[in-house]
Amino acid sequence: MKRKKFVNFSIIAFIIIGIVLLLGKDSWFPEFYNPVYMGVFSFISAFLLYYSKRIFYGLNQNDSGNLQSVIASALILNGFGSLGLYKLYTVGFEYDKLAHFIVPLIFIVNFVGVLNKSRGLTFNQSLIAVSVSIFLFGLFWEIFEFSSDILFGTETFGIYGKKIFSDTVQDILANVLGIFSGIFYLKLKNIKNN
C-alpha cells in the first residue's frame with residue numbers, strides 16, 4: 001500500500017511540476033532551466049508511471065507495486081538532477097554519475113526476480129535479459145541527450161552544455177558499474193539462498 005501511495009504521489013507531483021514549468025514565467029526559474037522541455041518531460045514521467053500500471057497488470061500486486069516504485073524512484077532521481085542537483089559538480093560532487101550508477105543497480109536488483117518468476121526464465125536468463133536491456137537503454141539515453149540538445153536547445157550532452165565526449169563515456173561506465181554491482185549482489189544472494 002505504501003508503494004502505491006508513493007507511485008500515486010509521484011504521478012501527481014510530476015503533473016504539478018509540469019504545469020508550473022509550462023505555465024510559469026521564465027523569470028521564476030534559474031537561467032539554466034529549459035521550462036518547456038522540463039515541463040513536457042514531467043508530463044511524460046507522469047504518463048510513464050501511470051502507464052506502468054497497465055504494463056505490470058498481469059503481475060501480482062506486490063511485484064507490480066515494487067516495479068512501479070523503482071521506475072518512480074529512477075524518474076525522481078533524474079528529475080532532481082534536472083531541477084538543479086546536477087550543479088553539485090561545482091563543489092566536486094558528480095550527481096549525474098551517482099544517478100547513472102544507482103538507476104541500473106536498482107533496476108537489476110528489482111527486475112531480475114520478477115522477470116524470473118513471471119516469464120519462467122532461469123535466473124541467468126533473466127539476469128542477461130535485464131542487464132542487456134539496461135545497458136542498451138543507457139546508450140539510448142546518451143543519444144537522446146545529444147539529440148535533445150540539437151532539437152530542443154537543451155544542454156544535457158557532455159558536461160553541462162560543453163560537448164565533452166569523455167563525460168558520456170564516464171556516464172556509460174557508471175551505468176556498467178551499476179549493472180555489475182547489481183549482478184554481483186544478486187549472484188551473492190542466489191548463492192546464499194541455495
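Predicted model: local features only at pLDDT ≥ 70, side-chain atom pairs only at ≥ 80, totals over all residues.
Colleague: How many residues does H1 have, and how far does it reach?

Modeller: H1 covers residues 2–23, which makes 22 residues. From first C-alpha to last, it reaches 31 Å. That is close to the 32 Å expected at 1.5 Å a residue.

Colleague: What about the span of H2?

Modeller: H2 has 21 residues and should span 30 Å at 1.5 Å a residue. Its end C-alpha atoms are 29 Å apart, which agrees.

Colleague: Which residues of H2 are buried?

Modeller: Here they are: Pro-35, Tyr-37, Met-38, Gly-39, Phe-41, Ser-42, Ser-45, Ala-46, Leu-49 and Ser-52.

Colleague: Switching to the surface. Which residues form the nonpolar patch?

Modeller: Among them are Ile-15, Ile-19, Val-36, Phe-43, Phe-47 and Tyr-51. Together, the patch residues have about 1100 Å² of accessible area. H1 and H2 (35–55) are the elements that give two or more residues to the patch.

Colleague: Which helix gives the largest share?

Modeller: H2, with 8 residues.

Colleague: You named Tyr-51. Where is its place?

Modeller: In helix H2.

Colleague: New topic: charges. How many salt bridges does the structure hold?

Modeller: There are 2. Side chains of opposite charge can pair when their charged atoms come close.

Colleague: Which residue forms a salt bridge with Asp-96?

Modeller: Lys-97 does, and the closest N and O atoms are 3.0 Å apart. Both Lys-97 and Asp-96 are buried.

Colleague: And what is the N to O distance between Asp-171 and Lys-97?

Modeller: In that salt bridge it is 2.9 Å. The pair links distant parts of the chain, 74 residues apart. Asp-171 lies in helix H6 (residues 165–193), and Lys-97 in helix H4 (residues 95–119).

Colleague: Are Asp-171 and Lys-97 buried or exposed?

Modeller: Both are buried.

Colleague: What joins Asp-96, Lys-97 and Asp-171?

Modeller: Salt bridges that share partners join those residues into one network.

Terms used. Residues numbered from 1 in each chain as written. Heavy atoms only, no water. Helix = DSSP H or I, 4+ residues; strand = E, 2+ residues; numbered from the N terminus. Expected span 1.5 Å × (residues − 1). Patch = residues over 30% accessible without salt bridge, like charges linked within 9 Å, V, L, I, M, F, W, Y side chains within 5 Å. Areas by Shrake-Rupley, 256 points an atom, 1.4 Å probe, with all protein chains shown as cover. Salt bridge = Lys/Arg side-chain N within 4 Å of Asp/Glu carboxyl O. Buried < 20%, exposed > 50% of the residue type's maximum accessible area, 1.4 Å probe, protein only.
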